[in-house]
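Please open the model in a viewer and keep the sequence at hand.

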Amino acid sequence: MSKHHLNTRLLHIDSAEFDPQTGIAPVSLPAIRTSTVRFKNLDVLDQAMVRRSQGERVVSYGIAGLDTHRALEEVITTLEGGTYCLLNPSGLASIHLAFMSILKSGDHVLVSDNVYGPVRVMHETLLKKLNIEVTYFSAAHPDPAALIRPNTRLMYVESPGSLLMEMLDLPRLAKIARAHNLVLAIDNTWGAGMLYQPLALGADISVIAGTKYINGHSDVMLGAIVTNREDLARQIHTTQYAVGNSVSADDIWLALRGVKTMAVRLEHHARSALQVCEFLDSHPMVSRIYFPAWEKDPGHALWKRDCLGSNGLLSVSLNCKPEQAKAFVNALELFGIGFSWGGFESLVQWVGPAALEPHSYWQEPGKALIRLHIGLENVEDLVQDLTQALDKIEVS
Ligand SMILES: *Cc1c(COP(=O)(O)O)cnc(C)c1O
């Protein structure tokens, strides 16, 4: 199988087994729901426990799931080029689990200042209580190694970053992390394993919100942690067991179904997003486009070097005050107002100044920032919708 391209392998990973009697099988695996697992006799149970102690994925209870879960773990490790995958009930639950697995009270973490906002909430509400210190750093920091302390254990980053799609030089950060014995973990929700492969670029842990492009249909909450390091996989697995995270087989099944079309969806999202960039670039209301696949984005060179493709997520700053851009958002007809992205549909988010303030990459104070998810609608319809909505802005 590994001789084929990733998008081919993705379609053939988890077909259902043929019935040994009839030689017939459906294409898709069923959703195997379970809490209780039964053993034929105590010998079978003993053998299962021995196999598990040797590191095999042997199930004795429903919490980690059966074949349906195993199939999605295989899909995600294949995508990410990883060895171990742990599924979680949401992307944020995965981030939390990664932090809790690696850190103990008294430790220090370096976090890129472009991270997904709720990471800061986790810091304020949980990490502070556990006496875990956080230093936020800019990707443009000339010497991030200078921020490392004797108790620094983890470097946690996002590339491209949330809201402004800031590209990080991940191989450079990986070199620093390795030299100082830090674990390097990254949020790879943007890349979804297909557009960006952080483990190959030097990260130890990749975290994905499967809620976004993996599932792709805006109807499932899901997360995953992937690593190649057995020691980290063990730590994460032990912590997962201790906190009791579990994902329903029905949600896993929906994600398995959704991910089959991810490669074609991403290509369509990316193509349309570039067309939207071309339109926006020529519009007098537009100040700047934040989209690393767009050749005028300052992250374009890093994107070209490190990414394998792009998607439908972009931000745009407008030549008006944030408040004045609300008329634009309200006038959009095809873009739903919503916080998420990665589904089939177009979405818009009005990003307030308070959310941008912690991002050192934000250099346009006073301007409006709008995040768009370019969905799978006909792109001419989307451009028309953006055109009419931009006309509604009244600049005073
Ligand atoms: C949405 C998102 C998450 C969180 O995923 P949930 O499944 O909604 O918890 C994490 N990181 C990034 C970059 C996201 O956009």
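Predicted model: local features only at pLDDT ≥ 70, side-chain atom pairs only at ≥ 80, totals over all residues.

**Stop 1**

With Ser-218 still selected, trace the chain on either side: the residue sits in the loop between S6 and strand S7 (223–227). Its phi is near 55°, a positive value in a residue other than glycine.

Next, select Met-165, in the loop between S4 and H6. Here too phi is near 55°, again positive in a residue that is not glycine.

Then select Ser-159 and Pro-160 and display the backbone. The peptide bond joining Ser-159 and Pro-160 is cis, with omega about -10°. Pro-160 is placed in the loop between strand S4 (152–158) and helix H6 (170–179).

**Stop 1: Ser-206 and its surroundings**

Move to strand S6 (residues 205–209), where Ser-206 is found. Ser-206 has a relative accessible area of 0% and is therefore buried. Show side chains: that of Ser-206 makes a polar contact with the side chain of Glu-80, at 2.7 Å. When neighbours within four places in sequence are left aside, the residues in contact with Ser-206 are Glu-80, Ile-186, Asn-188, Pro-198, Leu-199, Ala-224, Ile-225 and Val-226.

**Stop 3**

The remaining stops concern helix pairs. Two packed helices are described by the angle between their axes and by the distance between those axes.

Select helix H3 (residues 67–80) together with helix H8 (residues 249–259); their axes come within 9 Å and cross at roughly 40°. At that angle H3 is oblique to H8. The crossing of H3 and H8 is left-handed. On the H3 side, the contact is made by Thr-68, His-69, Ala-71, Leu-72, Val-75 and Leu-79, and on the H8 side by Ala-249, Ile-252, Trp-253, Ala-255, Leu-256 and Val-259. Coloured by class, the residues of this contact comprise ten nonpolar, two polar and no charged.

**Stop 2: H4 and H7**

How do helix H4 (residues 91–102) and helix H7 (residues 230–243) pack, and at what angle? The angle is about 110°, and the axes of H4 and H7 are 9 Å apart. H4 is therefore roughly perpendicular to H7. The crossing of H4 and H7 is right-handed. To view the contact, select Leu-97, Met-100, Ser-101 and Ile-102 in H4, which meet Gln-235, Ile-236, Thr-239, Gln-240 and Val-243 in H7. By class, the contact of H4 with H7 has five nonpolar residues, four polar residues and no charged ones.

**Stop 3: H9 and H13**

Finally, select helix H9 (residues 262–281) and helix H13 (residues 379–390), whose axes cross at roughly 35° and come within 10 Å. The crossing of H9 and H13 is right-handed. H9 contributes Ser-272, Gln-275, Val-276, Phe-279 and Leu-280 to the contact, and H13 contributes Val-379, Val-383, Leu-386, Thr-387 and Leu-390. The residues in this contact of H9 with H13 divide into seven nonpolar, three polar and no charged.

Notes: Residues numbered from 1 in each chain as written. Heavy atoms only, no water. Axes fitted to C-alpha atoms, helices over the stretch in contact; angles between N-to-C directions. Helix = DSSP H or I, 4+ residues; strand = E, 2+ residues; numbered from the N terminus. Parallel < 35°, antiparallel > 145°, perpendicular 65-115°, else oblique. Left-handed = near helix turned anticlockwise from the far one by under 90°. Contact = heavy atoms within 4.5 Å. Nonpolar A, V, L, I, M, F, W, Y, C, P; charged D, E, K, R; others polar. Buried < 20%, exposed > 50% of the residue type's maximum accessible area, 1.4 Å probe, protein only. Polar contact = N/O pair within 3.5 Å; in protein donor to acceptor, adjacent residues only side chain to side chain.
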